[in-house]
Amino acid sequence: MTDWERRVRQHGNTHGIDLADTVVEELAAHLEDAWRARVATAPDDPDAFAAAMLARADLSGLPRPHAAPPPAPLPAGEGRWGLGLLSDLRYTLRVLRRAPAFTAAVVAVLAVGLGATTAAFRVVHAALIAPLPYVDADRLVMVFERNVSRGRARNVINPGNFFTWSGRATSLDAAGVFSPSVGNLAGDGATPEELPAMVVQASVLAMTGVRPEAGRLFTVQDEEPSSPPVVLIDGGLWRRRFGGAPDAVGRTVVFNGEPATIVGVLPSTFHVAGYRGDVWRPTLITAGARTNFRGRGLLSLARLADGVTREQAEAELNGIFATLVDEHPEMNTGWDLSVVPVREQVGRETRPALLALFGAVGAVLLVACANIAALLLVRATARRHDLAVRVTLGAGPGQVARQVAVECLTLFALGGVLGAVVAAVLTQAMWRAAYDAGMVLQPEGGLNGPALAFAGGLTLLTGLACSLGPALRARRLSPDDLKAGGRSVAASTRGRGWLVAGEVAAAMLVLSGAALLGRSYVELQAVDPGFQADRVITARVSRMGAAAQASSLAFAGDVIARLQTLPGVTSAAATSFLPLDGQVGIGSTFRLGDRPDPGPGNLPVADYRPVTPGYFATLGIRMVAGRDFSAQDVGDRPRVAIVNETFVRQLSPDVSPLGRPLADSLDQTQEIVGVVADIALSGLGDDPRPTIYLPYAQFPVGSLTFVVRSAQNPALLGRAIVGAIREIDPNQPVSDVQPLADVVQASLVRPRVVTGALGVFGTAALLLAAIGVYGVVAYSVQLRRTEFGVRLALGATPGAIVALVVRQSLWLITGGVAAGAVLAVPLSGTLQSLLYGVTPGDPATLALVAAVIAIAGLLASYLPARRGTAVDPMSALRAE
Amino acid sequence: MSTPPVPADVLREAKKGSAELVLLALLEHTPRHGYELADRVEADSGGALTYNFASLYATLYKLEARGWIRGRWVEKAGQRRRRYYTLTPAGTQVLARQRDEWRQFVLALGRIAGIDFA
């Protein structure tokens, strides 16, 4: 202690005043300065001068040590950040423990919101974003044949074309063909079963870089017709049917009626551009295959050469294809090639639905965060007294803001951790739903690296965003805020108002999407498929292998005859492609034989459907003109065909089609003997296309689906039908035994799942937005209690108060609904491919949703408004 | 330039009331420590205003508790450390307000009491 400090302390002690050390230091400095100044100007006794100054000093107004101000000196700058953060964290945990209900509510809402979004991301990422499990996946492409005028953007390709351009192309390092199929597996003691299969060239497997779990892959030798037949099996099938035994490799099985050796096991997650199979066969390249310029049915995979872009490859291939058009005009006129990266092709169909779902989940999270941000703002306002004291005690604005931010971020961190648990659970449910709706190939596992990173990033982002408002507000606190009321309260209410308007807009968006999809689904359900699905049961068999196919005609006849004897059965028949079961079926060009040939590029296209006699009656399809097929329409008799109403409308509107000749792409001619009503073939929402039905006896192609109409509940017939089929051929696997009504419902599974999910999310968003409105109005009513008391005392009716409050919240709701509606119109355009019978941005639907939200919002503001009228005017006046 | 000394009793209350304004004004553009402030007050007022140094610090601490000024210890080479005060944004607003109020008060006083100002 210097001399001056000692003297100041002494002076204080003389008067019984104990001073803080820093005060003493400051006074001492002042005295010293005064003394120096005195020395410089008037050298006569500066000591006496200073002593006199001190003697005159009145120390009573100066702070004592225990009162704290002036605050303890800080080093230059504003506190050491590291230690500050730790103490903020400790303080936060204390504060949160003191408000368990608030903390639990916020953490719970966050956990659900963050968890659901993370689970949705897991699925979307795997389906649309994750790199495909191939070596150099971004260099792999698919090559399609494209016919723009027919609307075929990605059509299967012709083998002759493929071998020509793949042989000549320099822009491709490798190319191969494959096609999905089905196959019957038998011969290893287990029940024969029909399984998804893939027919694939060895080069395709090589291009993907896949490594077998056991054994080997196909080689080029396996593709020779003279080589011994081999198959690869899927890892899942290996474990399920062969017990994962290592000696399964090398075993002989009967596949499609022929013995084949298992040479290897593929990983169960393996697929080629989204196509997979339980059993894989090598493509058999016969001499005829290379020059087969009839028919399209293959898919192709290719690898771009180093440094070649997709556009360059497409240009080169189309240069080659131009010569193919010249050489084979009847096959190729109007067609060209399109090269599509595999990543783009996989998930193409499911992208709109998946993104719509992800967007909806994200919107719910946003609404939840907005609610939490509003809650945090209210809490910050309520705690401003607490924080203002800190400011008074010397905390800088940065420190206070940091403390508030730490509190918000801690809540979000807790919510994020709990959210990861929620996500792990929800992910399983999401996989299930997506798989059932056909949006993913197979369910995968729980949270992976990208999903966890997403969860962490999302938690941080939302936490920072929600803490911004309260932290900035805290920065502006001053000791003035120790007084009641103040501008900070009004600003907080305004901020919350904006947040809630935003929530209402988000709810409007999601609910609009849900409503549009819902209307679309209702329209789809109401579509008349053109046949009577009730009381019909179906069962499918695939006659695979040369022997089975040779006898398929006799087999079909025998089975139908047997089915017709089952009790309760009123009629039975068969078709190659059941309507609405998801199979693509056969499509081909044709021409009317009594008209001039329009030229190869202008031939009309129709769906071909082989059926047996009695098919139309069994399915309840209306016969419009002419006759059904009969037992006389067999292979060595004149060929006949039945067409549908769309065919007539488009191709024979003025002349009755009966008796007119049809020539198909194989140059076979059929005489049209009947016309039937249109039915839904591929999807309930699709426009009908010209359809040509042929007698199965004259065109025995494809797998067979038996259809049986019964007088009783058709589901009871399932086992009898399987039994009847097994009687005729014990080794024939039977699959998909189900009522036709289930087939029709299953064709709607994806719209159903998407609509249902969006409905759930939309309702959640509306609920949260309503809670937000309720909160804002309740808080504002509470602030205005005194005002209401005064109004009531001055004669206002409770109804008038309620009307006042509700009118003011109407602004908030209207603004939110309007903003949501404006956004909904363009955004609903992304749902276009999912909608049927309703346009995106349909005004009636949007108006209905707006009305629902407005009513919910008004109700949410009416309830607290009513409580505001319960103020006792006299006590309100007294408080004033 | 010397002015006649002002009778102490007339202006004692005025001095007390104006202390805050004076200190805030002196801190408007430059950080200063306590002795510097006392020195400037005396010099700029031509000796008309002086403060007992203890009550000067009492006022400074009061201003600091209200958040209108902020004090920081600064150590310069070769000197003892001193506490420098600066005006906060809140203090700037208060200064402006007090200036207005004093201006109006003084004008009113002038009209009523017939005081002329240069």
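Helices (H or I, at least four residues) and strands (E, at least two) are DSSP runs, numbered from the N terminus. The structure described here is a predicted model.

**A buried strand residue**

In chain A, strand β11 spans residues 336–341 and contains A:S338. The relative accessibility of A:S338 is 5%, so this residue counts as buried, the cut-off being under 20% relative accessible area. When residues up to four places away in sequence are not counted, A:S338 is in contact with A:M142, A:V143, A:F144, A:R146, A:A153 and A:E314.

**A nonpolar surface patch**

A nonpolar patch on the surface consists of A:Y774, A:L859, A:Y862 and A:L863, which together have about 370 Å² of accessible area. The greatest contribution to this nonpolar patch, three residues, comes from helix α27 of chain A, residues 843–868. A:L859 is situated in helix α27; its relative accessible area is 53%, so A:L859 is classed as exposed.

**Accessibility of the residues discussed**

| Residue | Relative accessible area | Class |
|---|---|---|
| A:S338 | 5% | buried |
| A:L859 | 53% | exposed |

Methods: Residues numbered from 1 in each chain as written. Chains lettered and ligands numbered in written order. Predicted model: local features only at pLDDT ≥ 70, side-chain atom pairs only at ≥ 80, totals over all residues. Heavy atoms only, no water. Buried < 20%, exposed > 50% of the residue type's maximum accessible area, 1.4 Å probe, protein only. Contact = heavy atoms within 4.5 Å. Patch = residues over 30% accessible without salt bridge, like charges linked within 9 Å, V, L, I, M, F, W, Y side chains within 5 Å. Areas by Shrake-Rupley, 256 points an atom, 1.4 Å probe, with all protein chains shown as cover. Salt bridge = Lys/Arg side-chain N within 4 Å of Asp/Glu carboxyl O.
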